[in-house]
Amino acid sequence: MSDVIDRPMLETEKTAATRLKIIDCDIHPSIHSHSDLNEFLPKRWQQHLKEYGSHLRTPYIGTTPYPRSSPLIARRDAWPPTGGVPGSDLDFMRKQHLDPFDVEFGILQVLDLFIFSQQNLEFGAAIQRAINDWQLAFWSHRDPRLKASILVGQDGDDLGIAEIERCAKTGEYIQINVSPRANEPLGRRRYWPIYARAQELDLPLGIHVGGYGGHAPTGGGWPSYYCEEHQSNAHTVASQLTSLVLEGIPERFPKLKIVFIEGGFGWIPSAMWRMDQHFERFRSEVPHLERKPSEYVKEHFWFTTQPIDEPDEARHLRQLIEWVGIDRLLFSSDYPHWDYDDARYAFKTPLTEAERRKIFNSNARAVYKF
Amino acid sequence: MARHIVARTSDIPAGGNKVFGLEGRDVVVFHVNGEFFALLNRCPHEGAPLEKAACVARLTSPEPGIYQRDRVGEMLRCPWHGWEFDMRNGQSWFDPNRFKIRSYPVAVESGEELQKGPYVAETFPVHIEDNYIIVDV
């Protein structure tokens, strides 16, 4: 506890990460400029983007939510020397992240243009289509390690289903991404068609934190500080996990795999304990649940590790990992964002070689069928 | 502990820094307000390169709504997670007892003294009219 951490990097540490190939479940690519999307975006929507831009339901009038703590929420060392924004230069991403960490597969998570938060659903769908095509053309086809997700806004569910069909035919996408800040809690009936299709296609559902829907990110309203808002990521996804489990999504779609991305995992044990406790008392209210909520969590849900919790004592992190379940955790770096986790140092507790293999590689391999 | 002559004072502009490989480790030397500080080029948290850190002021608040800035440019803000460190001693600002960047003594000496003294230039010839930064590692 009182040890001062002050150590130079050793040669052996430099190569430690390369002993194990890593599957990184959260890498953020960025568009260089809006014009990169032109080839994928009909003229009508190019014009819309130029004339009207985004229409977001955020209380920060006249601003985008950027910057938040550092420009473009990025690592200060991730600005490509060739210009452009962090995450927009594949060669630099290779040099700074993919190659030194021996990333076997990296899953792309696009946040540009607040794709999930667009209130004009047709415009949102057009942007999602363009971004889905751009992910393949600019990233996956240029570096096969980088895997694309089908981004769909679930509030226009017919548009979303059409987009899923269009992309799934290519066989090149490895999951379907929806927003954690939709108009209704994620377990609601209106979103079931998307879950049904994801199950049929055997594509995991990825839910990355962030976005601006119409609701405050906390039950207590809109936060004053980014510090406060960032904290709310954990309870937002906790409430969505609760909704999905208690509305019986795993019961209705037993083969559906759901991955929460960038929500961390410190909150999960408590969420499971509470749900189980409530289930004992209120069982008759939710007769569609056949089993304890925690059992659904431990079979149907996975969680990416970043931003990792850093308790004062290493053994507490160790306990946390065991409570959540080592088979539930998928390593993610969040490259190139400022709260990036370094694969070598993020877990400040000892892991066995077998555990490392699971968290850094084989769990993701099983979920995404690499 | 060995003394290394690493650069001329004019090689590192005010507000800038430069990294030197010294005895198998990367040491970053910052030039702030006419002074030089040498630190291990690595955040003790997750290893981020401190050469990319922001050199910021110390921001304190005696009560909500009142803010004070001092020691402008002397605090390092890690390029990844924003942890702040005191450049003078490498100590963490938010948890000084647990986290510390290794820091190294720095001296500035004139070329004349170096030529006369027991130390010889390691990286380049010493010109007696210049001032040099010396780091003890």
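The legends below describe close-up views of a predicted model.

**Figure 1. Burial of helix α6 in chain A.** Helix α6(A) comprises residues 192-201, and its buried residues are W192(A), I194(A), Y195(A) and A198(A). Viewed along the axis of α6(A), these residues fall within an arc of 155° and so line one face of the helix. An α-helix has 3.6 residues a turn, so residues three or four places apart point the same way. The buried residues of α6(A) pack against the helices α5 (157-168), α7 (226-246) and α8 (249-252) of chain A, and against the strands β4 (173-178) and β5 (205-208) of that chain. After α6(A) comes D202(A), which has a positive phi, near 60°.

**Figure 2. Packing of α5 and α6 in chain A.** Two packed helices are described by the angle between their axes and the distance between the axes. For α5(A) and α6(A), the axes come within 10 Å and cross at roughly 15°. An angle under 35 degrees counts as roughly parallel, and α5(A) is therefore roughly parallel to α6(A). The crossing in which α5(A) passes α6(A) is right-handed. On the side of α5(A), the contact is made by D157(A), I161(A), I164(A), E165(A) and A168(A), and on the side of α6(A) by P193(A), I194(A), R197(A) and L201(A). Sorted by class, the residues of the contact between α5(A) and α6(A) are 6 nonpolar and 3 charged, with no polar residues. I194(A), one of the contributors to this contact, is also one of the buried residues of α6(A).

**Figure 3. Packing of α4 and α5 in chain A.** Helix α4(A), residues 121-140, packs with α5(A) at an angle of about 15°, and the two axes lie 10 Å apart. The two helices are therefore roughly parallel to each other. Their crossing is right-handed. In this contact, α4(A) contributes L121(A), E122(A), A125(A), Q128(A), R129(A), N132(A) and D133(A), which meet L159(A), E163(A), R166(A) and C167(A) of α5(A). The contact of α4(A) with α5(A) divides into 4 nonpolar, 2 polar and 5 charged residues.

**Figure 4. Packing of α7 and α10 in chain A.** Helix α10(A), residues 293-300, packs with α7(A) at an angle of about 105°, with the axes 10 Å apart. Angles of 65 to 115 degrees count as roughly perpendicular, and α7(A) and α10(A) are therefore roughly perpendicular to each other. L241(A), V245(A) and L246(A) of α7(A) meet P293(A), Y296(A) and V297(A) of α10(A). The contact of α7(A) with α10(A) has 6 nonpolar residues, and neither polar nor charged ones.

**Figure 5. Burial of helix α10 in chain A.** P293(A), S294(A), Y296(A), V297(A) and H300(A) are the buried residues of α10(A). Around the helix axis they cover an arc of only 155°, which puts them on the same side of α10(A). The cover over these buried residues includes the helices α7, α8 and α9 (268-282) of chain A, together with the strands β6 (258-261) and β7 (301-304). Among the buried residues, P293(A), Y296(A) and V297(A) also take part in the contact with α7(A).

Figure 6. A343(A) is located in the loop between β8 (329-330) and α12 (353-368) of chain A. Its relative accessibility is 5%, and A343(A) therefore counts as buried, for which the cut-off is under 20%. Apart from neighbours within four places in sequence, the residues in contact with A343(A) are I22(A), F101(A), F331(A) and F360(A).

Figure 7. Chain B contains 1 helix and 10 strands, which run from the N terminus in the order β-β-β-β-β-β-β-β-β-α-β. The C-alpha trace of chain B spans about 55 × 30 × 20 Å along its principal axes. Of the 137 residues in chain B, 47% are buried. Of the contacts in chain B between residues at least 6 apart in sequence, 47% join residues at least 24 apart. R58(B) lies in strand β5(B), residues 54-63. Not counting residues up to four places away in sequence, R58(B) touches Q68(B), R69(B), D70(B), R71(B), M75(B) and W93(B). From C-alpha to C-alpha, R58(B) and A7(B) are 28 Å apart in space, with a separation of 51 residues in sequence.

How values were computed
Residues numbered from 1 in each chain as written. Chains lettered and ligands numbered in written order. Predicted model: local features only at pLDDT ≥ 70, side-chain atom pairs only at ≥ 80, totals over all residues. Heavy atoms only, no water. Buried < 20%, exposed > 50% of the residue type's maximum accessible area, 1.4 Å probe, protein only. Helix = DSSP H or I, 4+ residues; strand = E, 2+ residues; numbered from the N terminus. Arc of directions from axis to C-beta. Contact = heavy atoms within 4.5 Å. Axes fitted to C-alpha atoms, helices over the stretch in contact; angles between N-to-C directions. Parallel < 35°, antiparallel > 145°, perpendicular 65-115°, else oblique. Left-handed = near helix turned anticlockwise from the far one by under 90°. Nonpolar A, V, L, I, M, F, W, Y, C, P; charged D, E, K, R; others polar.
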